[in-house]
Amino acid sequence: MTSVPIHSTSSTGTPKPDIPEDGVLRYYTMRFCPYSQRAHLILAAKKIPHHTVYIDLSEKPEWYTDYSPLGKVPAIQLPHLPGQPTLVESLVIAEYLDEEFAGVRSLFPKDPLQKALDRILIERLSPAVSAIYPVFFTTNPPEDALKNFETALDVFEVEITKRGTPYFGGDQIGIVDYMIWPWFERFPALKYTLAEPYELDSKRYPNLLNWRLLVAQDEAVKATALDAKVHAKFMRTRHEGKTNYDLAFEPL
C-alpha cells in the first residue's frame with residue numbers, strides 16, 4: 001500500500017474522516033497546492049505508505065487546526081509515534097521524510113555545504129512565485145508580473161548551466177528538482193488562461209526547459225502530476241470566485 005486516498009474534500013462542518021488506526025502516515029493536502037505537491041513528490045519518490053485527506057482551503061473543517069494550527073497544507077501526521085505528532089511546512093516535511101525513510105536514496109546532498117546551498121537555491125524561487133501568483137489566480141495582475149517572474153527564473157537558468165548536470169541534483173533527480181517542480185508543472189497552464197498564450201522563451205531558458213522535459217518523465221512526478229488544462233480550469237474557477245477543489249477528480 002502506497003496511498004489510500006480519500007477523494008471527497010473535507011470542508012466546514014465535515015466530520016473527521018474515518019482513517020484506520022494502522023500507524024500509516026496521514027497526508028493532509030489540497031490537490032492544486034504546489035506546496036502540498038512538494039510533500040506528495042517525496043512520498044511518491046520514496047514509495048512511503050500514506051493515507052490522503054483532502055482539505056477545502058476556502059472552508060476548512062473545524063477539526064483541521066488540531067493538525068495544522070494555521071490551517072495550512074501540507075501537513076503530515078505521524079500516528080506511529082507517541083502523541084501522533086504532525087509536521088507542517090513543505091520543506092520541513094521533505095527533509096524529515098528524506099531522513100526518516102533513508103532506506104531509499106537520499107534526496108538531500110550528504111555534504112553539509114551543498115545541502116545548505118541547495119536550500120538557499122530553493123528559497124530563491126520565492127520571487128518567481130510571488131510574481132507569478134497573481135498571474136495564475138487573479139484577473140488583473142500587475143503589468144510587470146511576467147517580467148519580474150522571468151527575471152527571478154534567470155537565477156535557475158544560470159545555476160543549471162553552471163552545474164553542468166541534467167538535474168539540479170546532479171546525474172540523478174534531487175531535492176531542488178522536486179521542490180521547484182510544482183511551479184514548472186503549472187506554467188504551461190498560462191497557454192490556456194491568458195489572452196496572449198504565454199510560454200517560457202526557449203532562447204532565454206534553453207537548459208531550464210530541457211530540465212523541465214527531463215523531470216516530467218520522472219516516475220514520482222508522473223504519479224503526482226495534473227495536466228496543464230486541469231490547472232488552467234482550476235485557475236479559471238479562482239478567477240470567477242467559484243473555487244472548485246474537486247476538479248482534479250473530474251474527467252477533462
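Where is the place of Lys47? Lys47 sits in the loop between α1 and β3, where helices (H or I, at least four residues) and strands (E, at least two) are DSSP runs, numbered from the N terminus. Before we go on, remember that this is a predicted model, in which local features need pLDDT of at least 70, side-chain atom pairs count only at pLDDT 80 or more, and totals for chains, interfaces and linings use all residues. Residues are numbered from 1 along each chain as its sequence is written, and side-chain values use heavy atoms, with hydrogens and water left out.

Let us look at the backbone. Most residues other than glycine have a negative phi, and most peptide bonds are trans. Lys47, however, has a positive phi, near 50°. Lys47 counts as exposed because its relative accessibility is 61%; buried means under 20% relative accessible area, exposed over 50%, and partly exposed in between (1.4 Å probe, protein chains only). Glu89 is not a glycine either, and its phi is positive at about 75°. You can find Glu89 in the loop between β5 (86–88) and α2, and at 38% relative accessibility Glu89 is partly exposed. A cis peptide bond, with omega about 5°, links Val73 to Pro74, and Pro74 belongs to the loop between β3 (50–55) and β4 (75–77).

Now for the empty space. Rolling a probe the size of a water molecule over the atoms shows where empty space is left. On a 1 Å grid over the protein atoms alone, a cavity is a set of points where a 1.4 Å probe fits but cannot get out, while a pocket is an open set with protein on both sides within 12 Å along at least five of seven lines; lining residues have an atom within 4 Å of a point. Grid points are joined across faces, edges and corners, and a volume is the space filled by probe spheres set on the points.

The largest pocket has a volume of about 380 Å³. It is lined by 20 residues, and those closest to its centre are Tyr35, Arg38, Lys72, Glu89 and Ser90. At least two lining residues come from each of α1 (34–45), α2 (90–100), α3 (112–123) and α4 (126–137).

There are also two cavities of 30 Å³ or more, and the largest cavity holds about 50 Å³ of space. Its lining includes Tyr27, His40 and Tyr54. Helix α1 gives the largest share of that lining, three residues.
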